[in-house]
Amino acid sequence: MNEGIRGTSYAQAGAAAPLASLRGVSKTYHAGDDEIRALRGIDLDIAAGEFLSIAGPSGSGKTTLLNLIGCIDVVDSGDLFIEGRDIARMRKSGLADFRRERLGFIFQSYHLVPVLTAVENVALPLELLGVPGREARDKARAMLAEVGLSGKEERFPSRMSGGQQQRVAVARALVKRPALVLADEPTANLDSTTGEAILDLMQAMNERHGTTFVFSTHDRMVMERARRLVSLHDGAIMADEVRIS
Ligand SMILES: Nc1ncnc2c1ncn2[C@@H]1O[C@H](COP(=O)(O)OP(=O)(O)OP(=O)(O)O)[C@@H](O)[C@H]1O
Ligand SMILES: [Mg+2]
């Protein structure tokens, strides 16, 4: 692993630890003279292998929370540990390395690179990690087969449906076998049948590979699929339920 990544390791301390741990995490945005307290003292532990949904009304802080856990943004105060690393105190370069190596992302609007084919999009995260081109493309093809896109490897995003593009995005998020996948409203642009199929796929990947998923949603159907549902309101956790399926 890259030398830029440092931090106290729970594993070294010999204690069992959650995959991600937040304590008293707060985030305030400044817009002109206004202060918007997007998150107020979040305490949350996420265990390896969870399939967890963050729900809550618009503006409740879901995206802000995912961006902090995803190391896209930094906490104002509080502690954030992922895989024992002290994320809140890591340097930007270390954070970027950690994100590239250990985290996967799925976005509401897919965010595929339009000038790259499906297989090139999925190979990209591996190439960024230094995997040789041919090996990266072979792994990308295998991952596309897993998400049901055999035969579509050479398609450009503009020639695929929204559901197919999101399958490519799921393959891209998983191809490097990340510890944690973060998905901000992954089904919001899809009709309910296609959205269910993407949830089926995410759940299959969670079960097959043990990858931890944290996804946000407004959608009741998506919430119903989570094994654990964390509800935000005004930047605070209102409920945290483990669901029995
Ligand atoms: N970059 C920003 N600058 C200023 N305020 C922001 C910024 N990003 C978010 N906010 C504010 O922070 C609060 C939380 O926003 P956030 O986007 O996390 O909510 P959300 O739950 O994801 O909402 P939605 O369901 O609409 O996506 C809101 O009041 C929002 O207006
Ligand atoms: Mg949001």
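Reader: Which residue is the bridge partner of Ser231 in β10?
Author: The partner of Ser231 there is Ala239. Please note that this is a predicted model, in which local features need pLDDT of at least 70 and side-chain atom pairs count only at pLDDT 80 or more, while totals for chains, interfaces and linings use all residues. Residues are numbered from 1 along each chain as its sequence is written, and chains are lettered from A and ligands numbered from 1 in the order in which they are written.

Reader: How many bridges do β9 and β10 pair over?
Author: They pair over 6 bridges, in the antiparallel sense. Two strands count as paired if DSSP finds at least two bridges between them. Strands themselves are DSSP runs of E with at least two residues, and helices are runs of H or I with at least four; both are numbered from the N terminus.

Reader: What lies between β9 and β10 in their hairpin?
Author: A turn of 2 residues lies between them, and Asp234 in this turn has a positive phi of about 50°.

Reader: At what angle do α4 and α6 pack?
Author: Helix α4 (residues 118–128) and helix α6 (residues 162–174) pack at about 25°, with their axes 7 Å apart. That makes α4 roughly parallel to α6. Angles under 35 degrees count as roughly parallel, over 145 as roughly antiparallel, 65 to 115 as roughly perpendicular, and the rest as oblique.

Reader: Which residues make that contact?
Author: Ala118, Asn121, Val122 and Pro125 of α4 meet Val168, Ala171 and Arg172 of α6. Residues are in contact if their C-beta atoms, placed from the backbone, lie within 7 Å. By class, this contact has 5 nonpolar, 1 polar and 1 charged residues. Ala, Val, Leu, Ile, Met, Phe, Trp, Tyr, Cys and Pro count as nonpolar, Asp, Glu, Lys and Arg as charged, and the others, Gly among them, as polar.

Reader: How do the axes of α4 and α5 cross?
Author: The axes of α4 and helix α5 (residues 133–146) cross at roughly 125° and come within 8 Å. This makes α4 oblique to α5. By class, the contact of α4 with α5 has 9 nonpolar, 1 polar and 4 charged residues.

Reader: Turning to the other sheet, in what order do its 4 strands come?
Author: They follow the order β2-β1-β4-β5 in an open sheet with antiparallel pairing. β2 and β5 (85–86) stand at its edges with a single partner strand each, so one side of each has no neighbour in the sheet. Within it, 9 bridges join β1 to β2, and 5 bridges join β1 to β4 (residues 77–82).

Reader: Finally, which residues come nearest to ligand 1?
Author: Of the 13 residues around ligand 1, Tyr29, Ser58, Lys62, Thr63 and Thr64 come nearest. A residue is near a molecule or strand if its C-beta atom, placed from the backbone, lies within 6 Å of it. β1 (20–31), β2 (34–46) and α2 (62–69) each supply at least two residues of this shell, and the largest share, 3 residues, comes from α2. The shell divides into 4 nonpolar, 8 polar and 1 charged residues.

How values were computed
Axes fitted to C-alpha atoms, helices over the stretch in contact; angles between N-to-C directions. Contact = placed C-beta atoms within 7 Å.
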